[in-house]
Every structure is written in structure tokens, then in C-alpha cells.
Amino acid sequence: MGIDVRGPRFGAAVTTVVLAAVLISGSEWLLAWQALCFALGTVAGVGRSPYGWLFRAVVRPRLGPPTEFEDPAPPRFAQGVGLCFALLGLVGYVVGPEWLGMAATGCALAAAFLNAAFAYCLGCEMYLLLRRTVG
């Protein structure tokens, strides 16, 4: 069963705002929250992440029924990639150097923005490329 394509895009929009706030404030706690959201999306699936729950409970009822569905595996993989960048960012903000935290957070922000604004999921594309390469 596929997932509503609007859900991951909504999650990417919220993630964009959170990661922008991290870059502005330098808050490792906010980045830790985002890492937790990525971890839940990776382990349990994007629909069971906090932003997925928010989409299902608050946003989706206000929209029409979904017309497009997608395989949940690529967005789930993308959550894992986001988790890696968020954890790397946490290391940079907590242990140092700070530029590492900013750079890793900026990379995750760029990917989230591309998905939110243009429906282009870099992590999903990585997943598809790996599937074609590995077989």
C-alpha cells in the first residue's frame, strides 16, 4: 500500500522551517528534536513520524482525498539520510567544530527545501539510484 504523496512533502516543509530555525539559533535541542523525527520516520515509516501524524490528524482532513500514492520505501530511506546529517550536525554543535554543525544542518535544510518547494526528494532519488546500481 502506498502513502499519500502530500504527507512527505508536508513533513519536508515543517522540516525546512525547523532546520532554518536551527541555523538561525544554533539550538542543538531543536536539532535533536529534528533528529528524533528523522529517526522515527526511518524506523517506523514517514506516516508514523510526528510530522506524519500531524499531517494525518490536522492537514489531510482539510484536503480532498489523495489522488496520488507512492512507495513508502524511498521517503523512509530519505529520512535515514536526513538522520545522518542531523546527527552529524549535532556532533558539530555539541562537540565541535561549529562549522560542521552548520554545514550538515545546511545540507539537510537544502534537501528538505527542494522536497517542500519543488517535490524533488534527493534522498528518494538516492534510494532509486542505489536500487538500480545494486540490482
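Biologist: Which exposed residues are on the face of H2 turned away from its buried side?
Modeller: Two terms first: buried means under 20% relative accessible area and exposed over 50%, with partly exposed in between (1.4 Å probe, protein chains only). Helices (H or I, at least four residues) and strands (E, at least two) are DSSP runs, numbered from the N terminus. On that face of H2, the exposed residues are Trp 29 and Val 43.

Biologist: Happy to have that settled! What pLDDT do local features need here?
Modeller: Residues are numbered from 1 along each chain as its sequence is written, and side-chain values use heavy atoms, leaving out hydrogens and water. This is a predicted model, in which totals for chains, interfaces and linings use all residues, side-chain atom pairs count only at pLDDT 80 or more, and local features need a pLDDT of at least 70.

Biologist: How far does H2 reach from its first C-alpha to its last?
Modeller: H2 covers residues 28-43, which makes 16 residues. The expected span is 1.5 Å times one less than the number of residues. That expectation is 22 Å, and the reach of H2 is close to it, at 22 Å.

Biologist: Within what arc do the buried residues of H2 fall?
Modeller: Those residues are Leu 31, Gln 34, Ala 35, Cys 37, Phe 38 and Gly 41. The arc is taken from the directions running from the helix axis to the C-beta atoms. The buried residues line one face of H2, because seen down its axis they fall within an arc of 160°.

Biologist: Which helices do the buried residues of H2 pack against?
Modeller: Contact means heavy atoms within 4.5 Å. Leu 31, for instance, has contacts beyond its neighbours within four places in sequence, among them Leu 19, Leu 90 and Thr 105. Taken together, the buried residues of H2 pack against H1 (6-25), H3 (50-59), H4 (73-94) and H5 (98-118).
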